[in-house]
Amino acid sequence: MKQNLLRVSVYLLAGSMALSSCVVSKKKYEDLMARKNALEVDKSGLETEKATLEQQKASLEEAKADLEQERALLEQEKAEYQQSLAQALKEGKTLGENLNMSKSQIERLNADLQAREQRLAELQRILDEKDKAVANLRSRVSNALLGFNDKDLTIDVRNGKVYVSLAEQLLFNSGSTKVDPKGVDALKKLAVVLKEQKDVNVLVEGHTDDVPISKGTVGMQDNWDLSVLRATEITRILATAGVDPQRVTPSGRSKYIPLDGATTKEARQKNRRTEIILTPKLDELFQILETT
């Protein structure tokens, strides 16, 4: 939300400077420029913070992969140990003394295996609960948005997240950042679900096609501005409908993540969309990883 207010402040400040540049004193102009520079520094800090969060997320995925690999190795070690023990028992009394000597080692191995299995079982339990929560969230969102056309709105699960993709024709007129009444209705219905699901973070991504915006469009230089302003407007509607603003992050991806790389009318229509990405919080999983 701080980032939203920062962008709006920058736009208002730039507009104020342009309109009054012919009548303000040099000192006022310099004050306005100083304020603008300070806001841009704040904006850079927020973008750095966002990059840090993305890096933490990547670290979590890497840690999960490492744990899965470790689990496989443990299973292999356990199988090898059981095979060796069975062979030793078959050799009878002649190996009795050696077995007695290695008893303490076997007990230590068993204890270590049990501890690792408990940790992996707890991790698997949390991952299963997360998958269950994602499936439940998708079901709730689908039920809330049943009345909308599949060409306007789709819901699917990717990488453990629920993606709600809303086509441009449901939300905006061409080049506009004002959400149409039908789109507002869909967002309010989604907000009802999100208010109940308090352990879900919300990322709003604006996407455009590769056609540049019309020259002279007020408040916008390019498709970056258009995608960001649309995401911000949707975020504002969700917050107004009761979703905690601290859980919602707006972002603009411009033309750079198309669904269809073709330049046809149909492909460009697909690419003009807003994706609302719902991610269950993973605090408990982070705590387990910190203790490993």
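Start by selecting Ser 25, which sits in the loop between α1 (2–20) and α2 (26–90). The model on screen is a predicted one. Ser 25 counts as partly exposed because its relative accessibility is 37%. Show its side chain and look toward Lys 28: the side chain of Ser 25 reaches the backbone nitrogen of Lys 28 at 3.2 Å.

**The whole protein**

Zoom out and colour by secondary structure. The protein has 8 helices and 5 strands. Followed from the N terminus, the elements come in the order α-α-α-β-β-α-α-β-α-β-α-β-α. Of the 292 residues in the protein, 33% are buried. Among the contacts with a separation of 6 or more, 71% are between residues 24 or more positions apart.

**The sheet**

Next, select the strands. The 5 strands form an open sheet with mixed pairing, in the order β1-β2-β5-β3-β4. At the edges are β1 and β4 (248–252), each of which pairs on one side only. On average, neighbouring strands of this sheet are turned by 20° against each other, direction ignored.

Two pairs can be picked out: Asp 156 stands opposite Tyr 163 in β2, and Val 157 stands opposite Val 162 in β2.

Now select the turn. The hairpin has 2 residues between its strands. Asn 159 is found in this loop between β1 and β2, and its phi is near 55°, a positive value in a residue other than glycine. Most residues other than glycine have a negative phi. Is Asn 159 buried or exposed? Asn 159 counts as exposed because its relative accessibility is 70%.

**Strand β2**

Keep β2 and show everything around it. Why is β2 described as largely enclosed by the rest of the structure? The reason is that 7 of the 7 residues of β2 are buried. Both faces of the strand are covered. Lys 161, Tyr 163, Ser 165 and Ala 167 are buried on one side, and Val 162, Val 164 and Leu 166 are buried on the other.

On the way to β5, there are again bridges to display: 6 of them join β2 to β5, and the two strands run antiparallel. One to pick out is that of Leu 166, whose bridge partner in β5 is Thr 274.

**Glu 275 in β5**

Select Glu 275, which lies in strand β5. Glu 275 counts as buried because its relative accessibility is 7%. Which side chain does the side chain of Glu 275 meet in a polar contact? That of Arg 273, at 3.2 Å.

Leaving out residues up to four places away in sequence, Glu 275 touches Arg 158, Tyr 163, Val 164, Ser 165, Leu 203, Val 204, Glu 205, His 207 and Leu 259.

Residues up to four places away in sequence aside, Val 164 touches Val 141, Leu 145, Thr 154, Ile 155, Thr 274, Glu 275, Ile 276 and Leu 278.

Val 164 also belongs to the largest nonpolar core, which has 31 residues. Select Val 164 together with Val 141, Ile 234, Ile 276 and Leu 278: these touch the most other members of the core. The elements that each supply at least two core residues are α3 (96–144), β1 (153–158), β2 (161–167), α4 (168–171), α5 (181–196), β3 (200–207), α6 (223–240) and β5 (273–280). Colour α5 separately: the largest share of the core, 6 residues, comes from this helix.

**Last stop: Ser 254**

Finish by selecting Ser 254, in the loop between β4 and α7 (265–271). Ser 254 has a positive phi of about 55° although it is not a glycine. Is Ser 254 buried or exposed? Ser 254 is buried, because its relative accessible area is 3%.

Notes:
Residues numbered from 1 in each chain as written. Predicted model: local features only at pLDDT ≥ 70, side-chain atom pairs only at ≥ 80, totals over all residues. Heavy atoms only, no water. Core = buried A, V, L, I, M, F, W, Y, C linked by side-chain atoms within 4.5 Å. Buried < 20%, exposed > 50% of the residue type's maximum accessible area, 1.4 Å probe, protein only. Helix = DSSP H or I, 4+ residues; strand = E, 2+ residues; numbered from the N terminus. Contact = heavy atoms within 4.5 Å. Pairing = 2+ DSSP bridges. Axes fitted to C-alpha atoms, helices over the stretch in contact; angles between N-to-C directions. Polar contact = N/O pair within 3.5 Å; in protein donor to acceptor, adjacent residues only side chain to side chain.
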